[in-house]
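Subject: Structure handover and notes

Dear colleague,

I am handing over the structure below, together with notes on what was found in it. Please read the notes with the structure open beside them.

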Amino acid sequence: RIINDAARGLLVLAPPEGMPHTAAVLILHGLGDTCVGWAEAASHFFQQMPYASFVLPTAPTVPVTMNEGYEMPSWYDLTSRTGDRFSEACDGLEETRRSMEKLIDEQGMARDRVVMGGFSQGGAVSLFTGLQLEKPIAGVFSMSGYLPAPTRWMPPAASHDTPVLLCHGNADEMVPIKLVRYANDMLLKAGIKTVEWFEYDGMPHSACMEELDD
């Protein structure tokens, strides 16, 4: 069952009416993409988890400083062309965090039945949001992502048991692998107890079937 809420830029793959619906997975796209970009991957996941809905939101279209002010779907502003993400202001990130927490609650089920993750900027938002919840969710995953605004990221004790999956290609030039290694260290130092880490040899800034299966 496909629910396409074009007004909100929201695409949902859900179990058919009358079938068990006991979990939800939020998947956030990367910079310049939309919910449609991850529909095929969500369909692949749904084959393995037919009891879950896969919720794909679209970021607001805003000017992006890194791209000379060109407007595109973006969860927050990016400014660095060099890949230095540590010192960026990430304007708009807090607004996105609040909207994603609202979307989590819209799923109408206990938070321990909700998982959040995404690709690139979407993975960054998932780490920033999913691990700062006072009422934690079941898990967080990031594909080719990183931890944005690390000095403003303060996970409460309640989130320390939230398991995290990090996936990254070691040939990624857009989000260098050093950024996710840094994120891994930050998560562990902050008290996150379970961080699983997969590195894909030769994979650039993209996804692969091996990664989706993991």
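Predicted model: local features only at pLDDT ≥ 70, side-chain atom pairs only at ≥ 80, totals over all residues.

The strands β1, β2, β4, β3, β7, β8, β9 and β10 form, in that order, an open sheet of 8 strands with mixed pairing, where two strands pair if DSSP finds at least two bridges between them. The edges of the sheet are taken by β1 (2-5) and β10, each of which has a single partner strand, so one side of each is left without a neighbour in the sheet. On average, neighbouring strands of this sheet are turned by 15° against each other, direction ignored.

Residues are numbered from 1 along each chain as its sequence is written, and side-chain values use heavy atoms, with hydrogens and water left out.

Within the sheet, strand β3 (residues 23-28) pairs with strand β7 (residues 114-119) in the parallel sense over 5 bridges, and V25 has V115 of β7 as its bridge partner. Helix α2 packs on the sheet, where it touches β2, β3, β4 and β7, and its direction makes about 155° with that of β3; contact means heavy atoms within 4.5 Å, and angles run from 0 to 180 degrees between the N-to-C directions of axes, which are lines fitted to C-alpha atoms, for helices over the stretch in contact. Helix α1 (residues 39-48) lies across β2 (10-13), β3 and β4 (52-56), and runs at about 170° to β4.

Strand β9 (residues 164-169) and strand β10 (residues 195-200) run parallel and are joined by 6 bridges, with E196 of β10 as the bridge partner of L165. From β9 the chain passes through helix α4 (residues 177-189) to β10 in a right-handed β-α-β crossover, meaning that, with the strands pointing away from the viewer, the path from the first strand over the helix to the second runs clockwise.

As for helix packing, the axes of α2 (residues 93-106) and α3 (residues 121-130) come within 10 Å and cross at roughly 70°, and the two helices are therefore roughly perpendicular to each other (65 to 115 degrees). The contact is made by L93, E94, T96, R97 and M100 of α2 together with V125, F128 and T129 of α3.

Some individual loop residues also deserve a look. S144, in the loop between β8 (139-143) and β9, has a positive phi near 55° although S144 is a residue other than glycine, and S144 is buried, with a relative accessible area of 0% (buried is under 20%, exposed over 50% and partly exposed in between, with a 1.4 Å probe and protein chains only). E68, which is not a glycine either, has a positive phi of about 60°, but E68 counts as exposed at 71% relative accessibility. E88, found in the loop between β6 and α2, is buried with a relative accessible area of 5%, and, leaving aside neighbours within four places in sequence, E88 is in contact with L78, T79, S80 and Y146.

Notes. Helix = DSSP H or I, 4+ residues; strand = E, 2+ residues; numbered from the N terminus. Parallel < 35°, antiparallel > 145°, perpendicular 65-115°, else oblique.
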